[in-house]
2 protein chains.
Amino acid sequence: MFRSKVVVTLRKSILDPQGKAVQHGMHSLGYDGVKNVRIGKFVELEIDAANKEAAETITREVSEKLLANPVMEDFSFTTEEEAR
Amino acid sequence: MFRSKVVVTLRKSILDPQGKAVQHGMHSLGYDGVKNVRIGKFVELEIDAANKEAAETITREVSEKLLANPVMEDFSFTTEEEAR
């Protein structure tokens, strides 16, 4: 079994109003040192595959097709083998 | 300037219907090897702080107070210094 951790983030050029709202919340709590906040998605996949390469291919394909919107978002991931 | 990357995940004992829905979507696309999906949040913070320890303290505190629901969620983070 393999475990992939996918992070989906908004592209830098895209405004992130949710992040701005969270940043304002932090300032309201007194954390003025927080200068920027960007919110993304984190997706953890357990994948049954023959080898790590196959698990990475599945991760890349589902990320492109389902998890990330290629117009507005980027994604990155890591894949590790797990003891069954 | 420091950059913290926070991952907020549902605790293992909490059901994740959103993850289940995504998993069904993957199966519909033919990716039957995906055996489990868990969805979380990813938050990237840019923090102006005197040193890395101070940036980590801010990250931990805002994660506990604002980003994660301690009843249902866990969080982890990394903090790195960035060139200004």
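Which strand of chain B does strand 2 of chain A join, and how many bridges join them? The legends below start there, and the model is a predicted one.

**View 1. Strand 2 of chain A meets strand 2 of chain B.** Here you're looking at residues 34–47 of chain A, which run antiparallel to strand 2 of chain B, with 13 bridges joining the two. To get your bearings, pick out Gly40(A): its bridge partner over in strand 2 of chain B is Phe42(B).

**View 2. The whole contact between chain B and chain A.** Zoom out a bit and you'll find 30 residues from chain B and 30 residues from chain A taking part. Put together, the chains bury about 2,600 Å², and 70% of that is on carbon and sulfur atoms. Tyr31(B), Phe42(B) and Glu46(B) are the trio to look for, as they supply 23% of what chain B buries against chain A, more than any other three residues.

**View 3. The side of chain B that touches chain A.** Strand 1 (2–10), helix 1 (17–28), strand 2 (34–47) and helix 2 (52–67) of chain B each give two or more residues to this side. Strand 2 of chain B gives the most, with 14 residues. Sorted by type, the residues on this side of chain B come out as 17 nonpolar, eight charged and five polar.

How values were computed: Residues numbered from 1 in each chain as written. Chains lettered and ligands numbered in written order. Predicted model: local features only at pLDDT ≥ 70, side-chain atom pairs only at ≥ 80, totals over all residues. Heavy atoms only, no water. Contact = heavy atoms within 4.5 Å. Buried area = accessible area lost by both parts, 1.4 Å probe. Helix = DSSP H or I, 4+ residues; strand = E, 2+ residues; numbered from the N terminus. Nonpolar A, V, L, I, M, F, W, Y, C, P; charged D, E, K, R; others polar. Pairing = 2+ DSSP bridges.
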